[in-house]
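Okay, thanks for making the time, everyone. Let me put the structure up, and then I'll walk you through what I've got.

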Number of protein chains: 2
Amino acid sequence: MLTVALAKGALLKDSIRLFQSIGLDFSAFLEPGMRQLQIEDPTGRARALILRNGDVPVYVEYGQAHLGIVGYDVLQEKRANVAQLVDLGFGGCRMSVAVKQTSPYRSARDFPAHVRVASKFVGCARAYFHELDIPVELIYLSGSVELGPITGMSEAIVDLVATGTTLRENGLQELEVLFESTARLVGHPLSYRLNQDGMGEIVANMRQQVMVP
Amino acid sequence: MLTVALAKGALLKDSIRLFQSIGLDFSAFLEPGMRQLQIEDPTGRARALILRNGDVPVYVEYGQAHLGIVGYDVLQEKRANVAQLVDLGFGGCRMSVAVKQTSPYRSARDFPAHVRVASKFVGCARAYFHELDIPVELIYLSGSVELGPITGMSEAIVDLVATGTTLRENGLQELEVLFESTARLVGHPLSYRLNQDGMGEIVANMRQQVMVP
């Protein structure tokens with residue numbers, strides 16, 4: 001049976017809506033108090049898993065899910081061996097460098113060597129500063145990264161920014177944008193090549209849905 | 001000012017109660033809708049940060065928090081350079097290996113070579129299987145680890161078990177216990193040695209509270 005991996009959180013509603021538009025209904029995941037981690041579409045043609053963002057590419061890479069929907073940010077961070085099939089357009093945000101509004105730095109190029117940068121996305125941060133040839137000390141945090149500069153543990157952060165409200169509320173400002181991110185449909189490369197469980201048709205239908213304005 | 005790092009989640013209530021018992025009140029973190037990440041005790045003697053579990057040792061290691069309360073499981077996984085000061089007794093759970101109830105394995109020693117093990121605690125899992133001299137393929141997952149065996153992605157998991165309800169609900173059973181875990185008071189080693197901001201007295205008071213039955 002076709003298995004799809006859905007990410008909890010900000011992308012879930014739009015992901016479910018998109019699958020509904022091609023005839024697969026996983027809206028049971030939106031019911032309050034829902035505790036199941038895997039459900040079947042009522043027609044019995046497909047199954048969905050609900051996962052943390054970062055786990056979506058893992059299940060797809062191992063072929064446990066044929067398809068998954070996850071942010072480009074996660075794909076950049078995890079560098080999982082999955083096929084990026086469709087840019088779905090929703091879930092727009094950007095990966096940015098931010099500092100305190102009172103910071104003297106106006107650009108990442110102003111950072112002194114070995115500046116401390118806190119991030120959930122240390123892979124993305126490492127690649128970015130390496131590219132700029134700025135040696136930085138990365139501090140991995142799993143949440144509330146904005147506390148890094150607030151407490152003085154780090155001068156800067158690299159984090160996802162959607163509206164910028166969290167940054168402003170915490171007295172931070174964006175300096176640089178590493179990249180823009182949107183939700184992506186990803187697939188298990190071999191299953192896609194072999195068109196297992198009708199994957200090709202699903203992907204084609206989804207591409208059609210996304211192209212319709 | 002003395003700064004303490006508190007972990008969100010299962011340990012928070014008991015951590016706050018313990019600080020209350022030595023005269024520091026951070027109960028504002030328990031108010032519904034609380035969004036602040038750092039608060040001061042009403043007497044103005046100390047500040048508390050509220051963090052994800054795994055970030056507590058980071059803030060303490062960097063000296064941004066003098067003290068922190070976090071599970072022994074996190075300390076084992078992160079191997080942060082912090083001083084373990086007091087075993088607080090609460091938050092009891094164990095790190096266990098579990099498999100499906102229908103699995104043929106009755107002990108980790110039955111596992112075939114290169115068995116797949118999913119875990120949030122890949123460091124603990126790696127150390128355990130290395131000790132047993134069993135080569136395993138570790139799969140890092142950030143949540144809902146029980147889906148690993150359910151979907152067939154992994155034969156086993158290494159995860160924290162408190163009551164065992166989650167395992168049972170997902171058709172899994174415990175095979176082995178890696179270690180027992182409880183909440184620990186940890187401190188920044190140098191600050192503790194220098195008795196900064198009255199840390200020594202706080203630690204002594206806490207030790208007293210914990211020893212009183």
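So, start with helix α8 of chain A, residues 199-211: it lies across β1 (2-7), β4, β5 and β11 of chain A, and runs at about 35° to β5(A). Helices here are DSSP runs of H or I with at least four residues, strands are E runs of at least two, and both are numbered from the N terminus. The angle is between N-to-C directions, on a scale from 0 to 180 degrees, with axes fitted as lines to C-alpha atoms, for helices over the stretch in contact.

Before I go on, the caveats. This is a predicted model, where local features need pLDDT of at least 70 and side-chain atom pairs count only at pLDDT 80 or more, while totals for chains, interfaces and linings use all residues. Residues are numbered from 1 along each chain as its sequence is written, and chains are lettered from A and ligands numbered from 1 in the order in which they are written.

Now, the sheet under that helix. What is the strand order? It goes β2-β3-β1-β4-β11-β5 in chain A, an open sheet of six strands with mixed pairing; two strands pair if DSSP finds at least two bridges between them. The edges are β2 (38-40) and β5 (83-87) of chain A, each pairing on one side only. From one strand to the next, the twist averages 25°. In the sheet, β4 (residues 67-71) and β11 (residues 183-187) of chain A run antiparallel and are joined by five bridges. Gly71(A), for instance, has Ala183(A) as its bridge partner in β11(A).

Zooming out: chain A has eight helices and eleven strands, and its C-alpha atoms fill a box of roughly 60 × 35 × 30 Å along the principal axes. Chain A is divided into domain 1 (2-91 + 182-211) and domain 2 (93-181), with bounds from an automatic or database domain assignment. Their C-alpha centres lie 30 Å apart in chain A. Eight residues of domain 1 of chain A are in contact with eight of domain 2 of chain A, contact being C-beta atoms, placed from the backbone, within 7 Å. On the domain 1 side, helix α3 (residues 72-78) of chain A gives the largest share, four residues.

Next, the two chains. Chain A can be laid on chain B with an RMSD of 0.0 Å by a turn of 180° and a shift of 0.0 Å along the axis, superposing by least squares on C-alpha atoms of residues with pLDDT of at least 70 in both. That's the relation of a two-fold axis. In chain A, the C-alpha nearest the axis belongs to Ser142(A), at 5.2 Å. The contact involves 21 residues of chain A and 21 of chain B. The largest share of the chain A side, three residues, comes from α5(A). And 100% of the interface residues of chain A are also interface residues in chain B, so the copies meet through the same surface.

Most residues other than glycine have a negative phi. Arg79(B) has a positive one, near 50°, and is found in the loop between α3 (72-78) and β5 (83-87) of chain B. Is Arg79(B) buried or exposed? Exposed, because it has 11 C-beta neighbours inside 10 Å; the cut-offs are 12 or fewer for exposed, 20 or more for buried, and partly exposed in between, with C-beta atoms placed from the backbone. Asp197(B) also has a positive phi near 50°, and with 16 such neighbours inside 10 Å, Asp197(B) counts as partly exposed.

Conventions: Contact = placed C-beta atoms within 7 Å.
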